[in-house]
Amino acid sequence: MPEELSVGRSDPAYMAHAYLTKVPVPAIEPFIDAYSPPGGVVADPFAGSGMTGVAAAMMGRKAHLFDISVLGQHIGQNFVNLVNPDQFTKYADEVVRATQSDLGNVYAVECAACGHEGTLTKTVWSIVVECPECTEPVNYYRSMEAADWRKADMVCGKCRTPISSRNRRIGEEPVLDSISSQCTATQRDQAPTTRPISINLEKINYPRVEITPDRQMYKASALGKSGMTTIASFYSDRNLAVLATLRNHIAKVEDPAIRSKLLFAFTASLTRASKRYQWSRQRPLNAANANYYVAAVFYEWNVYDLFSRKIKAVLKSDNYVRAARRARVALSNLDSPDVRYNIGSADDIALEDDSVDYVFTDPPFGSNLFYADMALFQEAWLDGFTDVNQEAVIDRSKGGKRTAERYETLLTNALRECNRILRPGGYISMVFGNSSGSVWALIQRSIANAGLMIDGDKLVVLNKGQRSVKGLASGFEDVATLDLVITMRRADSNVLTLKAVDRATVAATIRELANVSPATPSHLYLELLRTGIREGWELDKLDLRDVTTALIADGWDIDSKTGRLTRGDTVASGELR
C-alpha cells in the first residue's frame, strides 16, 4: 500500500447515488486486494451506502454489511441489485407516462420566441427579503442583478439600504425559466411563465414528515428561522406532486428487483429536485448533502429530466460492476453478487466468531456529520426511519445524550466485535478523519481496549479529492480535508503504553515535516498524526489548529493558485514522502 492513496470521485458507482462521506470504490479495492484472499469474506459494520460491498462484489469477494441506516441499506442493496437493462428502462418509461397521465403536462410553457408550447427544464427562484429600513419587499436576485452581481453593492430599490441574505425572508418568486422549444436546438432562457398550474396537493399522498427541534441539523441549518421544518417544505408544489405521484406508480411495479431499483433512481433524484439545488451564474452548484441549506437563489428542476438522468446513471453503475466481475467471476454468477446488507448495530454483529477474512469500515467521525438527520430527506419517501438513538455520533449541543464517552464505548465495542469475527491473522482497516487531538486519542483508546493494535507500517492517507482551490486558498483551515486509513490486527498484549509529548516537540516535528514535504495543512496534520502513532505518542494535544499556528509562526502562507503551503521560493508538492 502507498503512504498516500489519491482517488477521484467520478466512477459510475460513486455518481449513481449520493451519500454523506462515501468512500469511492477505487479507494477500497487496493485494501481488499491486499488483505483478503480471492473469494474471501469481507465485512463492514458501519456500511453506510454499501461501497465496501460494491468493491467486494467487483473483486469477486463475499460481503456482510451492517448499519443502522434505513437509507444506507436501501442504497447499498441496490448498488449490487443488477437488473436487466431493457426491463429497467421499460418500467422507468411506464411510471413516467403514468405520472404524466395523472397530472397532465405540468412543465408545459409557451415559448416567448415562437409562441409554440415548450417544456420547462428548470426555473430559477429567488427569495424575497424585507428591507430592514423601509420594510419594502426586495427580490434578492433582482437586487443582485441591479448591483451588477456584486453582493456587497446590493441595496433596496426604494430607500437604498444595504441588502443581504441575512435579512428576514418573507417569500419566494420565480425570476427565470429555461425551456426547450422546437424553435431552437439549445435551451433558451426567458421570463418566468405566468400560466397557472393546477396542482391540488390535498388529493396527493406526499410525505408529511417533520424535522423536529431535537435534531442536530434543525439548529445547524436554522430551520426554525426559515420555517422549513417539514420535508415537503423543501419542494415546490409542482415538484412535490410529481415526485409523490411518481413514487406511487413505482410502488405498483410487480417485479421486486425492478421496483427497488426504480426507487433507487428516485431517491437519487430527490435532493436536486428540491430547493436545496443552488443556483450560480456560472453553473449549478448542486446541493450541500451535509445540511439543509437553501440558498437565496435556487432551482426548481424538471423532475422527469432528473429521473431520466438517474436511470441512465444507474445503468452505467450496473455495467461498471458487471465489467469488473466479468474479469474475476464465472459468467453464471455475473449478476448475483454475494453481498448481504442487514440493519444492525456495529456493536452487536450477527456473525460467527472467526468467520471473515477482512474488515474495512468507515465509522461516523465524531460530531462532524449527522447521518440520520440528513437521511430523513430520503427516508421520508421510504418505508422506515433510522433510529437516531443508536447513531454513533457526538452531539454538538450541550446536554445532548450522545456524548463523547458514549461514542467511545460504541466504537470500542464495535471494534471488539470486529476482532471477534476476524479470522486469526486477519486485518481491520478503518477510515477516520477529524481535526481534534482529543478525538484521535479516543480512537487510540478504543483500538487498544478492543484488543487491537495499529500496524504503524500500514497507515495510509486517503485523498478523495481536495475541496476547491478557492476553499483551500481562503486561509489556513481548521477542518481536516483528508482521512487516515488505520489498519489494525490483534494485539500481542493488553497493555497500551503511550508517552506524553510536549508542545516544543510537536512544533519541531511540524517544522521538520513542512520543510521536507510541505503540501497543505491537512497533509501535514495527518503526517503529524502518523508520526505520533508510530512513535507511540498520546494524541490528545495534536490539534489541526496547532499545526496551522506553527506554520504561520514559521512564515508559511497559502498559495492563492494551488491552495498549497508556500514560503518564499518553496511551494508544496502536494504529496507526502
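Modeller: In the lining of the largest cavity, the residues divide into 19 nonpolar, 10 polar and six charged. Here Ala, Val, Leu, Ile, Met, Phe, Trp, Tyr, Cys and Pro count as nonpolar, Asp, Glu, Lys and Arg as charged, and the others, Gly among them, as polar. This is a predicted model, in which local features need pLDDT of at least 70, side-chain atom pairs count only at pLDDT 80 or more, and totals for chains, interfaces and linings use all residues. Residues are numbered from 1 along each chain as its sequence is written, and side-chain values use heavy atoms, with hydrogens and water left out.

Colleague: How much space lies in the largest cavity?

Modeller: A cavity is a set of points, on a 1 Å grid over the protein atoms alone, where a 1.4 Å probe fits but cannot get out; lining residues have an atom within 4 Å of a point. Grid points are joined across faces, edges and corners, and a volume is the space filled by probe spheres set on the points. The structure holds two cavities of 30 Å³ or more, and the space in the largest is about 380 Å³.

Colleague: Which of the lining residues are closest to the centre of the largest cavity?

Modeller: The lining of this cavity comprises 35 residues. Closest to the centre are Phe-46, Gly-48, Asp-67, Asp-362 and Pro-364.

Colleague: Which element gives the most to the lining of the largest cavity?

Modeller: Helices (H or I, at least four residues) and strands (E, at least two) are DSSP runs, numbered from the N terminus. Two or more lining residues come from each of helix H3 (51–58), helix H12 (371–379) and helix H13 (404–421). The most, three residues, come from H12.

Colleague: Which element supplies the largest share of the lining of the second largest cavity?

Modeller: This cavity has a volume of about 30 Å³, and its lining has four nonpolar, no polar and two charged residues. The largest share, three residues, comes from H16.

Colleague: Which residue in S14 does Met-430 stand opposite?

Modeller: Strand S12 (residues 422–432) has eight of its 11 residues buried, meaning under 20% relative accessible area with a 1.4 Å probe, protein chains only. S12 pairs with strand S14 (residues 483–490) in the antiparallel sense over five bridges, where pairing requires at least two DSSP bridges. The residue opposite Met-430 is Ile-486.

Key
Buried < 20%, exposed > 50% of the residue type's maximum accessible area, 1.4 Å probe, protein only. 1 Å grid on protein atoms, 1.4 Å probe; cavity = no way out; pocket = protein on both sides within 12 Å on 5 of 7 lines; lining within 4 Å.
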